[in-house]
Amino acid sequence: MDSKSEGEDRPWQSYHTAYTNAKAGMEGVDKEKVQKVVYEMSKGSKYFENEQRKEAYIKQKIENLQQQRAKLTDKDIAHFQKIAEKKIVELEASRDLTKTWLHTDMDAFYAAVEILDNPSLKGKPLTVGGMSMICTASYEARKFGVRAAMPGFIARKLCPDLIFVPTNFDKYTHFSELTRKVFRQYDPNFIATSLDEAYLNVTDVCSERGLSGEEVAAELRGAIYDETGLTCSVGVAPNRMLAKVCSDINKPNGQFILLNDRGAVMTFISSLPIRKIGGIGKVTEHMLRDVLGITTCDDMLKNSALVCALFSDLSSDFFLSVGLGLGGTHTPENRMRKSISTERTFTATSDTTLLFQKLADIAETLSSDMQKENLWGRNLTLKLKTSFEVKTRAVSLQKYISSKEEILTNATNLLKAELPVSLRLIGLRMSQFRDEDKHTLVDPTQKTLSEFILSGSSHSKAYENQDISSENSSDYLLEDKNLCESDGSREKEHRCFTSEPESSSKREELGDSSSAKDINETCGGNANCEIQWVDGYICSKCGIELPLGFEEERREHADYHLAQSLQQEESAHVAHDKVYHKLEHSSPKSRKKQKASSQGAKFIPIDAFFTKVHHC
């Protein structure tokens with residue numbers, strides 16, 4: 001009874017979000033106070049509802065795993081123990097203690113840049129961002145529980161004297177480039193994971209210059225400060241996973257060195273909380289803790305049999321690697337990147353003029369970045385973030401693009417479909433890049449089938465000269481009036497080639513009521529040439545994504561599938577069974593001419609198939 005009463009009086013105790021997780025500089029924060037404020041300020045919002053849905057999802061996953069664990073017999077556990085021991089031996093054999101990896105993390109980067117630009121802000125609680133969301137908090141602000149990714153109105157409640165500075169990504173990018181200039185001096189192949197973080201393999205530098213990892217770290221920090229006036233924190237370890245953990249230990253403006261020794265690594269990892277490991281987030285932490293009682297990295301090895309029994313091979317390999325303190329040691333090969341993206345955070349607004357201006361700026365940045373790397377892509381994704389939700393909308397284009405104008409045109413169509421909306425972040429990502437060794441897709445600007453049908457073609461006269469009688473041609477040539485009225489309406493053209501069933505009244509609108517029958521017969525009596533837009537934007541035949549607003553592209557895409565189907569059906573059936581059979585009953589003159597023109601092909605080309613027939 002008392003427990004229930006306490007739960008009702010203190011519901012915020014069970015409300016754990018990203019905002020209540022500690023970051024560097026938040027060690028002395030009253031976490032209970034922060035948790036209560038976040039709960040009270042979030043209650044009733046979409047974010048709160050979303051957090052409740054996530055909590056329910058986590059709870060369900062935990063219950064499922066607990067049920068699976070309860071079903072395991074002693075024999076099962078013994079079996080999985082052998083599997084775990086084998087995995088551990090194999091993983092241990094891969095341990096590499098010959099490399100020295102360094103992870104550098106700029107201290108409160110955006111805030112530090114703003115303080116450098118305006119020294120009067122030094123020593124004051126500062127955030128970069130707005131009331132809807134903040135990007136970075138200075139260490140003075142973190143003492144109040146304020147942190148990155150927290151809504152500004154919650155941060156203001158925690159710290160009434162908080163200073164807000166708007167974001168300026170051009171400025172941050174400039175200083176990021178200065179830091180990377182320093183990184184190249186130590187590792188030309190450094191791995192940048194964001195504007196303010198990077199991994200460097202300093203093995204060669206240590207060997208060539210006779211320096212220890214600690215000395216290289218100190219020298220690097222000094223070089224960055226000399227170049228930028230900013231401080232950073234560094235971690236040095238035998239692999240990237242541990243180096244990142246180490247860089248967070250002595251923040252700000254500090255360093256931590258983990259020796260290249262197995263004993264030192266195992267001692268370090270034994271008491272390390274699993275949440276400190278990159279790749280283990282809130283959901284995984286809850287599952288491991290509530291199902292297996294795992295809270296430290298060393299617990300992974302103590303529960304290795306259950307880890308292998310309840311998780312996939314990929315997951316169990318990762319968890320056991322964490323328990324052994326193993327991480328990446330080789331510099332990833334330079335492969336063709338899979339995607340390139342850029343995004344901007346700003347004060348939440350529903351002003352469409354401002355949103356489209358932001359979109360234009362982002363499109364220009366993305367285009368510039370793509371052209372620097374000579375990239376051309378055909379899959380564009382728009383990322384939209386409201387106060388509490390993230391949406392992505394994608395479109396697969398008919399050709400590869402890289403210019404600002406083309407990116408903006410397609411991104412604008414995606415954004416228009418979401419209006420009205422209040423946003424605080426917009427991002428664009430381009431993927432599915434052109435392989436220079438392969439041919440690009442057909443340019444969609446070329447004449448489409450529907451346009452060809454309505455306007456005719458230069459090939460029509462050539463086929464008219466073949467003296468094929470109108471009586472014979474009516475069996476395999478479609479007249480444009482049977483497809484749609486030639487009134488120039490693109491909307492009607494599009495309807496003629498989509499898979500939506502037409503009522504008899506609609507077919508009468510489009511012309512001769514036999515048109516649907518003609519098209520169906522041409523497609524082999526089935527719906528092979530028809531496409532549907534699954535979920536409103538995914539092509540049922542090939543999976544290409546074309547959301548609402550891309551009507552012209554949809555029409556062209558439908559034409560493409562229709563052409564495929566027609567050519568396949570015609571080459572397989574019509575050309576052999578109808579055309580040549582009918583030519584046997586036509587005049588000798590026409591047979592002779594047809595035979596002469598067929599030497600190079602065994603089927604009638606698509607353009608000839610759609611040639612308009614002129615009756616004499």
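Me: How exposed is Gln432?
Reply: Gln432 is partly exposed, with a relative accessible area of 38%. Keep in mind this is a predicted model.

Me: And where does Gln432 sit?
Reply: Gln432 belongs to strand β12. Its phi is positive, about 55°, although the residue is not a glycine.

Me: Which other non-glycine has a positive phi?
Reply: Ala149 has one, at about 75°. That residue is in the loop between α6 (139–142) and α7 (152–158).

Me: Is Ala149 buried or exposed, or something in between?
Reply: Ala149 is partly exposed, and its relative accessible area is 39%.

Me: Back to β12. What sheet is it in?
Reply: β12 is in an open sheet of four strands, ordered β9-β12-β10-β11, and the pairing is antiparallel.

Me: Which strands stand at the edges there, and what does that leave?
Reply: The edges are β9 (339–349) and β11 (390–401). Each has a single partner strand, so one side of each has no neighbour in the sheet.

Me: How much twist?
Reply: From one strand to the next, the twist averages 15°.

Me: What about the β9 and β12 pairing, how many bridges?
Reply: Eight bridges, in the antiparallel sense, with β12 covering residues 423–433. As a landmark, Thr342 stands opposite Leu428 in β12.

Me: And what holds paired strands together in general?
Reply: Strands of a sheet pair through backbone hydrogen bonds, in either a parallel or an antiparallel arrangement.

Me: Where are the cis peptide bonds?
Reply: One joins Leu419 and Pro420, with omega about -5°. Pro420 is in the loop between α18 (404–416) and β12. Another runs from Lys251 to Pro252, with omega near -10°. Pro252 lies in the loop between α11 and β8 (255–257).

Me: Let's do α11 then. Why call it largely enclosed?
Reply: Helix α11 spans residues 240–247, and seven of its eight residues are buried, so the rest of the structure largely encloses it.

Me: Which residues in α11 are the buried ones?
Reply: Arg240, Met241, Leu242, Ala243, Val245, Cys246 and Ser247.

Me: What caps the N-terminal end of α11?
Reply: Asn239 does, through a side-chain oxygen that lies 3.3 Å from the backbone nitrogen of Met241.

Me: What about Thr329, where is that?
Reply: Thr329 is in the loop between α16 (313–324) and β9.

Me: Buried or exposed?
Reply: Thr329 is buried: its relative accessible area is 10%, and the cut-off for buried is under 20%.

Me: What is Thr329 in contact with, apart from its sequence neighbours?
Reply: Setting aside neighbours within four places in sequence, the contacts of Thr329 are Asp96, Lys99, Trp101, Asn201, Pro238, Asn239 and Arg240.

Me: What does β6 pair with?
Reply: Strand β1 (residues 101–106) is one partner, running antiparallel to β6 with five bridges. In that pairing, Asp105 has Glu197 as its bridge partner. Strand β5 (residues 191–192) also pairs with β6 in the antiparallel sense, over two bridges.

Me: How many residues are there between β5 and β6?
Reply: Four, and the two strands form a hairpin. Ala192 stands opposite Ala198 in β6.

Me: Changing topic. What does UniProt annotate at 48–75?
Reply: The unreviewed UniProt entry labels residues 48–75 "coiled-coil region". In the model, that stretch is 93% helix and 0% strand, and its end C-alpha atoms are 44 Å apart.

Me: What share of the contacts comes from residues 24 or more positions apart?
Reply: 68%, counting contacts with a separation of 6 or more.

Technical notes. Residues are numbered from 1 along each chain as its sequence is written. This is a predicted model: local features need pLDDT of at least 70, side-chain atom pairs count only at pLDDT 80 or more; totals for chains, interfaces and linings use all residues. Side-chain values use heavy atoms; hydrogens and water are left out. UniProt positions are given in the numbering used here, feature names are shortened, and annotations may be inferred rather than shown by experiment. Contact means heavy atoms within 4.5 Å. Buried means under 20% relative accessible area, exposed over 50%, partly exposed in between (1.4 Å probe, protein chains only). A polar contact is a pair of N or O atoms within 3.5 Å; within protein, one must be able to donate a hydrogen and the other to accept it, and residues adjacent in sequence count only if both atoms are side-chain atoms. Two strands pair if DSSP finds at least two bridges between them. Axes are lines fitted to C-alpha atoms, for helices over the stretch in contact, and angles run from 0 to 180 degrees between N-to-C directions.
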